[in-house]
Amino acid sequence: MSVKFNLFLILIINLIVFMASSTCAAPLDIEKQNNNKNNKNNKNNKNNKNNKNNNNNNNVDICKNSKLDRGDGTQNPKGYCVETVMGEIPSIDNMISTLIIQPADGSTIKANKKFRIETISDNLITGFFSDPIKEYYVKPQQLKNGKILGHSHVTVQKLNGNSRKPLNPKAFAFFKGLDQPAKDGILSVEIKNGLPVGNYRICTIVSSFTHQPVIMPIAQRGSQDDCIRIKVRN
């Protein structure tokens, strides 16, 4: 009887010790699990917040919150919000570079006399020119064999004599989209009536198919456009 009682007593003691250790350990385990859960939730919340910020910066939702009219393919002088994505961007080996090869930079030409502007661009597949009346900025930039499908423009502005005052972009003496495929790599336009006496800047504007400026893959690079200055005299 004494032996059975001792065994029973030992069993009771072990049971009490087990229950006590389990009771003490459980809160620690629960607390650890709760901390892990909270940390995971905080991390998820942070990621969600970052994703939300990135989405606000990068996707079309910007036009939902914009006070500007939604772009519809027309050119709105009052400004508008365009949802067209950037599209395909070329590699650094296919970045665009342009030169105005005629007239020469710094040259002097006769006033009011016909002359030609010629340009040449590397890595531009020319002749892709959408209808600027109803298809302005409506399609993403596209590539063919790694090169941008697009076209160029030339714009001529009279210099105002103030070397520290930028020219008014709304004022130009001549503007023309070069919408045809290049001949022997050259895009050109003729100014039939020439220009009045003055000093002028001639620049290119290289664009994708639906007229947005061409998008390059990196920031540190040479310009995709060119500008020259000429004198027009009697």
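Author: One definition comes at the outset: a residue is buried under 20% relative accessible area, exposed over 50% and partly exposed in between, with a 1.4 Å probe and protein chains only. This is a predicted model, in which local features need pLDDT of at least 70 and side-chain atom pairs count only at pLDDT 80 or more, while totals for chains, interfaces and linings use all residues. Residues are numbered from 1 along each chain as its sequence is written, and side-chain values use heavy atoms, with hydrogens and water left out.

Reader: What share of the residues in the protein chain is buried?

Author: The protein chain has 234 residues. By the cut-off of under 20% relative accessible area, the buried share of these residues is 26%.

Reader: Among contacts between residues at least 6 apart in sequence, what percentage joins residues at least 24 apart?

Author: A contact means heavy atoms within 4.5 Å. Among the contacts in the protein chain between residues at least 6 apart in sequence, those joining residues at least 24 apart make up 74%.

Reader: How many disulfides are there, and in which pattern are the cysteines bonded?

Author: A disulfide is a pair of cysteine sulfur atoms within 2.5 Å. By this rule there are two disulfides. With bonded cysteines counted along the chain, the pattern is 1-2, 3-4.

Reader: How many residues apart in sequence are the parts that Cys-63 and Cys-81 tie together?

Author: The sulfur atoms of Cys-63 and Cys-81 lie 2.0 Å apart in a disulfide, and the link is left-handed, with -90° about the S-S bond. Cys-63 belongs to helix H2 (residues 61-65) and Cys-81 to the loop between H2 and strand E1 (97-102), so the parts tied together are 18 residues apart.

Reader: Are Cys-63 and Cys-81 buried or exposed?

Author: The relative accessible area of Cys-63 is 4%. For Cys-81 the value is 9%. Under the 20% cut-off, Cys-63 is buried, and Cys-81 is also buried.

Reader: What is the handedness of the disulfide of Cys-203 and Cys-227?

Author: The sulfur atoms of Cys-203 and Cys-227 are 1.9 Å apart. The torsion about their S-S bond is about 110°, so the disulfide is right-handed.

Reader: In which strands do these two cysteines lie?

Author: Cys-203 is buried at 8% relative accessible area, whereas Cys-227 is partly exposed at 38%. The pair links distant parts of the chain, 24 residues apart: Cys-203 is in strand E9 (residues 198-204) and Cys-227 in strand E11.

Reader: How many salt bridges does the structure hold?

Author: Side chains of opposite charge can pair when their charged atoms come close. A salt bridge is a side-chain nitrogen of Lys or Arg within 4 Å of a carboxyl oxygen of Asp or Glu. The salt bridges number three.

Reader: In which helix do Asp-61 and Lys-64 lie?

Author: Asp-61 and Lys-64 form a salt bridge, with their closest N and O atoms 3.6 Å apart. Asp-61 is partly exposed at 26% relative accessibility, and Lys-64 is exposed at 60%. The two residues are three apart, about one turn of the helix, and both belong to helix H2.

Reader: How far apart in sequence are the parts tied together by Glu-190 and Arg-116?

Author: The side chains of Glu-190 and Arg-116 meet in a salt bridge of 3.5 Å, N to O. Glu-190 is in strand E8 (residues 186-191) and Arg-116 in strand E3 (residues 115-122), so the parts that they tie together are apart in sequence by 74 residues.

Reader: What kind of aromatic pair do Phe-128 and Phe-209 form?

Author: Rings of Phe, Tyr and Trp (its six-membered ring) pair if their centres lie within 6.5 Å; planes under 30 degrees apart count as stacked, over 60 as edge-to-face and the rest as tilted. The structure holds three aromatic pairs. The rings of Phe-128 and Phe-209 are 6.1 Å apart, centre to centre, with 85° between the planes, and the pair is edge-to-face.

Conventions
Helix = DSSP H or I, 4+ residues; strand = E, 2+ residues; numbered from the N terminus.
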